[in-house]
Amino acid sequence: MQIALCLIVLALASFKPADHQGANGGNGKIKVIVLDPGHGGNDSGAVGRQSKEKDIALQVALKLGKKIQKELPGVKVIYTRTTDVYPKLYERPALANKNHADLFISIHCNSGGSSSRRVKNSRGRYVTQRSLNTSAKGTETLVLGFSRTGDQDVAIRENASILMEDNYEQNYGGFDPKDPSSYIVFSLMKRKFREGSIKLAAYMQDQFAASSRVDRGVKEQSLAVLATAGMPAVLTEIGFISNPDEERFMMSADGQASIVDDLFNAINTYRKNVER
């Protein structure tokens, strides 16, 4: 196992966050924000009873970008996608690095997962019955970090999109999103922007809580989409698509407006604090 991890580390040696100060050139101004609607194309992400994560994430990201451009005219918004396509995970932060972005925000919907149990069918035979966890609810915002193996469910689910990409072994230096031991490598990644990421994530969770959303907190996870971002970067889970009530909220115009307001207010609070 140690040899395998060493090989992964060596393969990822060139996979480092860009060493720049963002579009602001280090002067504390927020000028470029990259919004990343999670999943897309043939990658639906989590699926609810009436909707798909990729669609809700895109709708919220476009509305958030429009609000930022309207209310913060000096800030440029760049999207990793504006239609139902799938940009590879490593291409998303690369776009932010290329444009010297000051913030990278990936928008997702959470899922409570499913459980299984053995039950007798009508013929008296035992079969495996799977049921969706519909009770999980709330918001959480993730930053790049290393978590214990038992806490990596979200990271494994979000990183699973890698498997849908051609040549993913080459693109991610042998990283296997299905292997929990592979996540140790993320603890060695550069953490220059960790403090800013945590601040932005905390502001987001504060805003969600102020809107009476269940606050699941700020968490550190080993996420490929954040690993190479050369700026403060977060992945925010805006609600559980597996929960019928939260799914309806995230699908509704009022619900999306509330989420957009919360995210915008968090971004603006962060901007005011770094620019003063």
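**Close-up 1. Arg49 and the residues it touches.** Setting aside residues up to four places away in sequence, Arg49 touches Thr134, Pro244 and Glu247. This view, like the others here, comes from a predicted model. Arg49 sits in the loop between β1 (32-37) and α2. Is Arg49 buried or exposed? Arg49 is exposed, with a relative accessible area of 64%.

**Close-up 2. Helix α8 and its buried face.** Let us follow Pro244 and Glu247 into their helix. Helix α8 covers residues 244-251, and Pro244, Glu246, Glu247 and Met250 are buried in it. Looking down the axis of α8, you will find these buried residues within an arc of 165°, so they line one face of the helix. Which elements cover the buried residues of α8? The cover includes α2, β3, β8 (233-240) and α9 (253-275). At the start of α8, look for Asn243, where a side-chain oxygen comes to within 3.0 Å of the backbone nitrogen of Asp245.

**Close-up 3. The salt bridge between Lys54 and Asp84.** By the rule used here, the model holds 11 salt bridges. In this one, the side chains of Lys54 and Asp84 meet with 3.0 Å from N to O. The pair links distant parts of the chain: Lys54 belongs to helix α2 (residues 53-71), while Asp84 is in the loop between β2 (76-79) and α3 (91-98), 30 residues apart. What is the relative accessible area of Lys54? The value is 7%, so Lys54 counts as buried. Asp84, at 42%, is partly exposed.

**Close-up 4. The salt bridge between Glu140 and Arg216.** Here Glu140 forms a salt bridge with Arg216, and the closest N and O atoms are 2.9 Å apart. Glu140 lies in strand β6 (residues 139-144) and Arg216 in strand β7 (residues 215-221), so the pair ties together parts that are 76 residues apart in sequence. Glu140 is buried, with a relative accessible area of 1%, whereas Arg216 is partly exposed at 33%.

**Close-up 5. The salt bridge between Glu220 and Arg194.** Stay with strand β7 for another charged pair. The side chains of Glu220 and Arg194 meet in a salt bridge of 2.7 Å, N to O. Glu220 is in strand β7 and Arg194 in helix α6 (residues 194-210), so this pair, 26 residues apart, links distant parts of the chain. Are the two residues buried or partly exposed? Glu220 counts as partly exposed at 27% relative accessibility, and Arg194 counts as partly exposed at 30%.

**Close-up 6. Lys67, its charged network and an aromatic ring.** Salt bridges that share partners join Lys67, Glu71 and Asp261 into one network. Lys67 also has a ring to look at: this residue lies over the face of Phe264, at 5.1 Å from the ring centre. How many aromatic pairs are counted in the model? By the rule used here, the count is 0.

**Close-up 7. Thr139 and its contacts.** Thr139 lies in strand β6. Thr139 is buried, with a relative accessible area of 0%. What is Thr139 in contact with, leaving aside neighbours within four places in sequence? The contacts are Gln205, Phe208, Arg213, Val214, Asp215, Arg216, Gly217, Glu237, Ile238 and Gly239. Among them is Arg216, the residue that forms a salt bridge with Glu140.

**Close-up 8. Two loop residues with positive phi.** His100 is found in the loop between α3 and β3 (103-110). Its phi is near 50°, a positive value in a residue other than glycine. At 40% relative accessibility, His100 counts as partly exposed. Now turn to Ser212, in the loop between α6 and β7. Ser212 is not a glycine, but it has a positive phi of about 70°. Ser212 is exposed, with a relative accessible area of 68%.

Methods. Residues are numbered from 1 along each chain as its sequence is written. This is a predicted model: local features need pLDDT of at least 70, side-chain atom pairs count only at pLDDT 80 or more; totals for chains, interfaces and linings use all residues. Side-chain values use heavy atoms; hydrogens and water are left out. Rings of Phe, Tyr and Trp (its six-membered ring) pair if their centres lie within 6.5 Å; planes under 30 degrees apart count as stacked, over 60 as edge-to-face and the rest as tilted. A charge sits over a ring if NZ of Lys or CZ of Arg is within 6 Å of the ring centre and within 35 degrees of the ring normal. A salt bridge is a side-chain nitrogen of Lys or Arg within 4 Å of a carboxyl oxygen of Asp or Glu. Helices (H or I, at least four residues) and strands (E, at least two) are DSSP runs, numbered from the N terminus. Buried means under 20% relative accessible area, exposed over 50%, partly exposed in between (1.4 Å probe, protein chains only). Contact means heavy atoms within 4.5 Å. The arc is that of the directions from the helix axis to the C-beta atoms. A polar contact is a pair of N or O atoms within 3.5 Å; within protein, one must be able to donate a hydrogen and the other to accept it, and residues adjacent in sequence count only if both atoms are side-chain atoms.
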